[in-house]
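Me: I would like to understand the words used for this protein, and not only the values. Could you set each one against its definition?

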Amino acid sequence: MSACDLHEYAMPGVQGINPYQPGKPISALAREIGMDERAIIKLASNENPLGPSTRATEAVSRLLGEQARYPDGGAVELRERLAQHHGCSPAQITIGNGSNDVLDLIARTFLGERRSAVMSEHAFAVYPLSTQAVGATLVVAPAMEWGHNLDAMASAVMEDTRVVWIANPNNPTGTWIDSDALHGFLSQLPQDVVAVVDEAYIEFVDDDNYPDSSLWLDQFPNLIVTRTFSKAYGLAGYRVGYALSSETIADLLNRVRQPFNVNTLAQVAAIAALDDQDHLKQGVELNRDEMRKMEHGLDHLGLEWIPSAGNFISVDLGQPALPLFDAMQKQGVIVRPVGNYGMPNHLRISIGLPEENSRCLQVLTTILREQQ
Ligand SMILES: Cc1ncc(COP(=O)(O)O)c(C=O)c1O
């Protein structure tokens, strides 16, 4: 039987999935263009350019030789620390192998055939994956000024809708929803629809009107808030994320969770990272300063960009972005084309270290000048 035949036997939802496109690894590009890995700059996956807290790295190093045993499947210590951090009960926390894992758990718990989920145009690429993988229908509401249009999303909610995916801030646009608008939306959402507010970039947001929606968990029993250690905490490679919800929802999510989904080193790293809020602050401040410089640099090039509350910025090149993306890669700078988000003229640039951002701008400047 050929692989093509097997494609037909896959679940229909899986057949329809548009695969997630990860950025090219530095080592692969280094080989491809014959450049030293150290000279390559990757500003493609919204990671923390400062890396993890040294406390996390030291805690992990101490345990490297002791990994014959399974991890604590209940992640008891991590959940207790997170519960302290958020002022909630450990029973309200579900740990995931990155927050992507949590999104999948939500889909497997609440979605399936003859059910639908609503998301916004230009919103995070994993929502369609998680939705379609379980056979549910995805309804995409039109965006407004690149951001979530909550009125359009509310109108898209149907009888069979069980999940609404909301990214706040959103990736790749960096747009965000203010407190009144989000609270209003959640207040009018039917109780039998689960609202997932994905706050992967919350630590970077610097605005009093931005809502920490975890504070509303008591008001909205149908609310799930997702968070991650991959971004501001600098632990993307370890894979730790989590959901905050009612105890009832956490109990359901934990039923479908793989028992050992987060390994010991990742759990230990996350606890140590949580204890090092100074490191987190340092990364957030660096991001704030470098974002301003990046905006200024893009202005200087006469390019339009979408104001971003995250650690990345999407810039409109006014022409198809893929050729420029390729040209930048050939110069050793990896950024992210976002054509798969319905944004074919935009490139998303993660904010890196000062020298990385300058080099990125310099390479972009040279390529644009060569076009003239
Ligand atoms: C909006 C958003 N949510 C969730 C994630 C998932 O991150 P992780 O699985 O590393 O926690 C990302 C990662 O890029 C993201 O941009």
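Me: What covers the buried residues of α12?

Reply: This is a predicted model, in which local features need pLDDT of at least 70, side-chain atom pairs count only at pLDDT 80 or more, and totals for chains, interfaces and linings use all residues. Residues are numbered from 1 along each chain as its sequence is written. The cover over the buried residues of α12 includes β10, β13 and α14 (354–371), where contact means that two C-beta atoms, placed from the backbone, lie within 7 Å.

Me: Which residues of α12 are called buried, and why?

Reply: They are H279, G283, N287, M291, M294 and G297.

Me: What makes the two domains separate units, and where do they meet?

Reply: The division into domain 1 (3–51 + 278–371) and domain 2 (54–275) comes from an automatic or database domain assignment. Their C-alpha centres lie 23 Å apart, and 33 residues of domain 1 are in contact with 28 residues of domain 2. On the side of domain 1 that touches domain 2, the elements giving two or more residues are α2 (12–15), α12 (277–300), β10 (312–316) and β13 (343–350). Of these, α12 gives the most, with five residues.

Me: Which residues touch the most other members of the largest nonpolar core, and what makes a set of residues such a core?

Reply: A nonpolar core is a set of buried Ala, Val, Leu, Ile, Met, Phe, Trp, Tyr and Cys residues joined through C-beta atoms within 7 Å. The largest has 68 residues, and I106, V164, A195 and V196 touch the most other members. Helix α6 (residues 99–110) gives the most to this core, with six residues. A second, separate core of 23 residues includes I41, M291, L324 and V333.

Me: Which residues come nearest to the ligand?

Reply: Of the 13 residues around the ligand, these are G98, S99, N171, T228 and S230, where a residue counts as near if its C-beta atom, placed from the backbone, lies within 6 Å.

Technical notes:
Helix = DSSP H or I, 4+ residues; strand = E, 2+ residues; numbered from the N terminus. Buried ≥ 20, exposed ≤ 12 C-beta atoms within 10 Å, placed from the backbone.
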